[in-house]
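Have the sequence and the 3D view open, and try each task before reading its solution.

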Amino acid sequence: MAEKVTVEIVTELDIVTARKLGRKQAKQIGFNKVDQARITTAIGELAKNIFQYACEGKIIIERINKEGKKGVSITSIDQGPGIADVQKALEDGESYGAGLSSVKRLVDSMHIFSEEGKGTTVKVEKWLR
Amino acid sequence: MEQLKLDYKTILSNYIHNQNERNLYIGQNFIKRLIQKNVTPEEVISIHKQALEDIIEDLPEYTIHAYDFLIEVMVHFGLKLKEHQSLLMKQEELRIEMEVAAKIQNTLLETTIPNPEGLDIGMISVPLRKMNGDYVHFMHDHKRFLSIAVTDVVGKGVPAALCMSMVKYGLDTLEYANSNPSYVLEVLNQLIEKSVDDGMFVSMCYGRYDLEKDIFTWSSAGHEPPLYYHSRENAYYDLESKELLLGILPDVKYSQKDIKLNDNDFIILMTDGVTDFRNREEFDPRQYIKELALSCRHLNAQEMCDNIHKQLQVLHNYKLEDDFTIVIIKK
């Protein structure tokens with residue numbers, strides 16, 4: 001499987017496609033069943049956010065390497081309404097951040113770049129232990 | 001983690017071979033260690049599946065699939081459970097905030113019932129929710145005049161309470177008990193019209209009592225008409241007024257009327273929560289209240305208020321549907 005795959009999220013079916021590709025990638029990297037489920041769930045939540053709040057966007061799934069460690073990164077990019085207050089979105093999981101605070105619990109790190117009215121990019125990483 | 005897995009396998013294996021209470025108990029105690037190590041529910045299932053695969057050779061394929069499915073479901077379940085819990089926590093925070101707000105409101109809107117010579121005054125005001133949308137304001141200069149304002153904000157809960165604070169300060173600013181009721185309503189109307197949201201209206205009945213002449217002068221802005229009981233005639237009069245609610249239009253003029261109270265006469269001022277008989281069309285609410293008040297007119301004003309409230313609570317099956325306020329002035 002390629003180092004990097006991109007799935008455009010337009011219909012609900014694309015959420016399933018993104019999950020499928022994510023699970024495949026996670027399996028190949030060597031994640032166990034539980035972590036595979038977590039990565040897939042995280043992808044599903046991010047894709048659902050795009051589908052519900054931004055209408056259109058994409059999910060990029062990448063293999064990553066750092067200091068001999070292997071991992072996966074998932075980036076979700078949309079041109080939706082954006083998040084006015086990222087901290088608030090993470091704190092109480094309201095508005096766009098419906099699943100963001102819970103996604104954060106499934107992965108090792110999460111970064112959010114958002115501009116109101118322009119869109120949101122969420123990047124999460126999970127490392128193989 | 002590896003040790004944990006090994007230990008779990010041993011415990012499970014023991015139980016599979018001998019399903020006794022002791023082995024179950026050991027399994028329960030194992031939970032403490034799982035929690036110490038921050039093991040999530042989906043990991044527990046994974047540990048269980050692994051252990052089962054080790055203990056039982058040739059575990060059927062479908063059992064393994066079933067466990068994988070359960071892991072998947074539990075990840076999502078854990079996620080949603082956390083979201084639900086944080087919602088509950090937020091709800092609890094709101095509840096506490098609301099309680100503080102209600103306490104502040106109580107302090108803010110606290111009013112003392114005056115006790116002048118020759119006049120008996122009673123009052124009851126019970127909010128439907130935590131915050132009260134009704135408000136009673138008394139003013140007594142300890143001389144000739146005493147004034148009473150009974151107010152109802154159209155709406156309930158927090159927005160009504162916020163609006164009410166403003167009405168209270170408006171009334172406080174007009175600090176003289178001898179002000180003309182019509183003047184008071186005109187000033188308050190101006191204040192509310194300017195500063196409150198378009199959808200927010202206030203009804204008010206404002207009365208001034210002249211303790212020397214026993215004359216009650218009143219003015220009403222869209223408020224539930226007070227009931228006046230004339231003892232000598234043994235008859236009630238509705239103190240009707242067709243004037244506009246406060247806060248709808250600027251520069252509204254209000255009129256005022258006088259009545260003279262004789263011994264044993266009384267006036268009942270109330271909010272529409274008292275006459276709200278939504279589910280009982282067979283009743284004429286005002287007639288019912290008239291009869292209720294008449295039946296207990298031998299009591300003092302406060303006891304009359306409490307009694308009417310109690311009777312109406314029973315009638316409504318202890319489910320009053322609005323803020324409830326009654327003031328009785330008895331000569």
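**Exercise 1.** Is B:Lys9 buried, partly exposed or exposed?

*Solution.* Start with the ground rules: this is a predicted model, in which local features need pLDDT of at least 70, side-chain atom pairs count only at pLDDT 80 or more, and totals for chains, interfaces and linings use all residues. Residues are numbered from 1 along each chain as its sequence is written, chains are lettered from A and ligands numbered from 1 in the order in which they are written, and side-chain values use heavy atoms, with hydrogens and water left out.

Next, the cut-offs: buried means under 20% relative accessible area, exposed over 50%, and partly exposed in between (1.4 Å probe, protein chains only). B:Lys9 has a relative accessible area of 28%, so this lysine is partly exposed.

**Exercise 2.** Find the salt-bridge partner of B:Lys9 and say which parts of the chain the pair ties together.

*Solution.* A salt bridge needs a side-chain nitrogen of Lys or Arg within 4 Å of a carboxyl oxygen of Asp or Glu. B:Asp54 sits in helix α3 of chain B and B:Lys9 in helix α1 (residues 2–17) of chain B, so the bridge ties together parts 45 residues apart in sequence. Helices here are DSSP runs (H or I, at least four residues), and strands are runs of E of at least two, numbered from the N terminus. B:Asp54 is partly exposed too, at 43%.

**Exercise 3.** Describe the salt bridge between B:Asp172 and B:Lys168.

*Solution.* First, the distance: the closest N and O atoms are 3.5 Å apart. Then the location: both residues lie in helix α5 of chain B, four residues apart, about one turn of the helix. An α-helix has 3.6 residues a turn, so residues three or four places apart point the same way.

**Exercise 4.** Where in the chain do B:Asp214 and B:Lys331 lie?

*Solution.* Their side chains meet in a salt bridge (3.5 Å, N to O). B:Asp214 is in the loop between β4 (202–210) and β5 (215–221) of chain B, and B:Lys331 is in the segment after β10 (324–330) of chain B, 117 residues apart. B:Asp214 is buried, at 14%, while B:Lys331 is partly exposed, at 24%.
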